[in-house]
Amino acid sequence: MNKIAVFASGGGSNAQKIIEYFNNSQLASIALIVSNKPEAGVVTIAEKNTIPTLIIEKEKFLKGSGYTDDLKKEGIDLIVLAGFLWKIPALLIKTFPGKIINIHPALLPKYGGKGMYGFHVHQAVIDNKEKESGITIHYVDEQYDHGQPIFQATCPVFENDTAFSLAKRVQQLEHEHYPKVIEEILFNNSK
Ligand code: GRF
């Protein structure tokens, strides 16, 4: 059984979908929710689903051990970032090589990087009159939104879209695809 740790800073709608998807799975379980915000929606989701939560502190995460010991102790096989806003420290990447993935609400390499999150992303896509947006699931390296892409899915951008209406369309893609892509990665890793 693979153990997944989901890292999230916000509402946690992706975390919720991932939890639901792997409920009763033979392949994986969500062993830990990691958050930098004790009041984040994702923490409530974890409590409701009786999943242990680890609240992390910036100094220890970025400059200290990166909580690698806690994650190793839990036997975590895959780290899934779902709206996690801190950069992942080098030590954590080294400890979990090829085992950390992220989802970004745009078609990388466009509209990624520092500050490109949430509505900033969708507003930039609209301002640039893009005809298409979507999601990118990628491995995590030491730069924001930069690691090797694993999967992309697209959706149209309409002329009358707002950042809000586009965000909703992109979020549907996230909910549909992220759990399945995670499953596929774990399945391939176990071959
Ligand atoms: C998602 O749009 C994801 O792509 C981005 O952060 C958002 C998280 O949303 N990295 P939620 O907290 O899962 O609802």
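Contact here means heavy atoms within 4.5 Å. Helices (H or I, at least four residues) and strands (E, at least two) are DSSP runs, numbered from the N terminus.

I note that the model is predicted, that local features need pLDDT of at least 70 and side-chain atom pairs pLDDT 80 or more, while totals for chains, interfaces and linings use all residues. Residues are numbered from 1 along each chain as its sequence is written, and side-chain values use heavy atoms, with hydrogens and water left out.

**Entry 1: helix α6**

I looked up which residues of α6 (residues 119-127) are buried, meaning under 20% relative accessible area, with exposed over 50% and partly exposed in between (1.4 Å probe, protein chains only). I found Val-121, His-122, Ala-124, Val-125 and Ile-126. Their cover includes β5 (100-104), β6 (132-139) and α7.

**Entry 2: backbone angles**

Most residues other than glycine have a negative phi, and most peptide bonds are trans. I looked for exceptions.

Lys-129, in the loop between α6 and β6, has a positive phi of about 55 degrees although it is not a glycine. Lys-129 is exposed, because its relative accessible area is 68%.

Tyr-67 is not a glycine either, and has a positive phi of about 60 degrees. I located Tyr-67 in the loop between α3 (58-62) and α4 (68-73). At a relative accessible area of 6%, Tyr-67 is buried.

The peptide bond from Leu-108 to Pro-109 is cis, with omega near 15 degrees. Pro-109 sits in the loop between β5 and α6.

**Entry 3: α1 against α7**

How do the axes of α1 and α7 cross? I read that the axes of α1 (residues 13-22) and α7 (residues 163-189) come within 9 Å and cross at roughly 45 degrees. Therefore α1 is oblique to α7; angles under 35 degrees count as roughly parallel, over 145 as roughly antiparallel, 65 to 115 as roughly perpendicular and the rest as oblique. Axes are lines fitted to C-alpha atoms, for helices over the stretch in contact, and angles run from 0 to 180 degrees between N-to-C directions.

On the α1 side, the residues in contact include Lys-17, Ile-18 and Tyr-21. On the α7 side, they include His-175, Tyr-178 and Ile-182.

**Entry 4: Asn-36**

Is Asn-36 buried or exposed? At 16% relative accessibility, I count Asn-36 as buried. Asn-36 lies in the loop between β2 (28-35) and α2 (41-48). Leaving out residues up to four places away in sequence, Asn-36 touches Ala-8, Ser-9, Ile-56, Phe-84 and Trp-86.
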